[in-house]
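User: I would like to learn how to read the features of a protein model, one at a time. Could you take me through this one, giving the general idea before each case?

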Amino acid sequence: METEIPILDMFTRLMVASGLALCLGLERELRGKPAGLRSHMLVSLGSATFILVGMSVLFASGEGNNAASIDPNRVVEGVIGGIGFLGAGSIIRSGNHIQGITTGASIWLAGAIGVAAGINNFALASIVTFSGLMIMVLLGFFEHEMLERDIKNNYNDNDNDNDKKDTKE
C-alpha cells in the first residue's frame, strides 16, 4: 500500500514510541510490578501503529479513494479506549485496599506517548515521558518515605500508649 509517510519515517516514529515507553516500563520493572518493559513498549508501539494506519487511510481518502475515509479523532478515541481497558485490568481491589492504579496510569500514559510519536510529535512524546518519570520516581519516593515515616510514627505511638496502659495497671 502506498502511503505519504516514508518507511524510514514510520520506523523512526515506531522506535521513538517504543524507546520512550521503555523508560516508563523500566521504572515499573525495577519496582517489581507485573506490567513492565515489554507491556509498556508494546502498548506504545501499538498506539503509534494505529495512528500510522489511520493516517495512511486518511491519505488514501485524500487521493480520491472514497472507500477509505476516516476521522483521525476516532482513531485516537479508539486507542484511548482500548488502552483504558488494559489499564483498568491492572487495577486490583481487595476490600479497602486498591493496587495497581499507578501501573494502570502508566500503561495509559505509554499509549499517549505512542500517539504523540505516531503523529511525529517527538517533543511532546519526550516531555510526557520525562514528566511521567518524574511523577513516578520522585513522587513515588516521596510517597514511600512519607508513608514509611507515618507507619513508624503510628507504631511508636501505639507502643507508647501500651506502655502507659501497662504502668497504670
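User: Let me begin with one side chain: is Arg31 buried, partly exposed or exposed?

Analyst: The general idea is a scale of relative accessible area, on which buried means under 20%, exposed means over 50% and partly exposed lies in between, with a 1.4 Å probe and protein chains only. Arg31 counts as partly exposed, because its relative accessibility is 38%. Please keep in mind that this is a predicted model, in which local features need pLDDT of at least 70 and side-chain atom pairs count only at pLDDT 80 or more, while totals for chains, interfaces and linings use all residues. Residues are numbered from 1 along each chain as its sequence is written, and side-chain values use heavy atoms, with hydrogens and water left out.

User: Which residue does Arg31 meet in a salt bridge?

Analyst: A salt bridge is a side-chain nitrogen of Lys or Arg within 4 Å of a carboxyl oxygen of Asp or Glu. By that rule the side chain of Arg31 meets that of Glu27, at 2.2 Å from N to O, and Glu27 in turn meets Arg28 at 2.8 Å. Glu27, Arg28 and Arg31 are thus linked in a network of salt bridges, in which both Arg28 and Glu27 are buried, Glu27 with a relative accessibility of 7%.

User: How many salt bridges does a search of the whole structure find?

Analyst: The search finds three, and one of them joins the side chains of Asp9 and Arg13, at 3.0 Å from N to O.

User: Why are Asp9 and Arg13 separated by about one helical turn?

Analyst: Helices (H or I, at least four residues) and strands (E, at least two) are DSSP runs, numbered from the N terminus. Asp9 and Arg13 are separated by about one helical turn because they are four residues apart in helix H1, which covers residues 7-30. Asp9 is partly exposed, at 22% relative accessible area, whereas Arg13 is buried, at 6%.

User: In what order do the elements of the protein run?

Analyst: From the N terminus on, the order is α-α-α-β-β-α-α, made up of five helices and two strands. Of the 169 residues in the protein, 29% are buried.

User: How should I read a pocket, and which residues lie nearest the centre of the largest one?

Analyst: Rolling a probe the size of a water molecule over the atoms shows where empty space is left. On a 1 Å grid over the protein atoms alone, a pocket is an open set of points where a 1.4 Å probe fits, with protein on both sides within 12 Å along at least five of seven lines, and lining residues have an atom within 4 Å of a point. Here the largest pocket is lined by 20 residues, of which Arg28, Lys33, Gly100, Thr102 and Glu143 lie nearest its centre. The elements that give two or more residues to this lining are strand E2 (97-99), helix H4 (101-118) and H5, and H5 gives the most, with seven residues.

User: Where is Met134, and is it buried, partly exposed or exposed?

Analyst: Met134 lies in helix H5, residues 122-168, and is partly exposed, with a relative accessible area of 31%.

User: Is Arg74 buried or exposed?

Analyst: Arg74, which is in helix H3 (residues 72-89), is exposed, with a relative accessible area of 61%. From C-alpha to C-alpha, Arg74 and Gly54 are 9.2 Å apart in space, although 20 residues apart in sequence.
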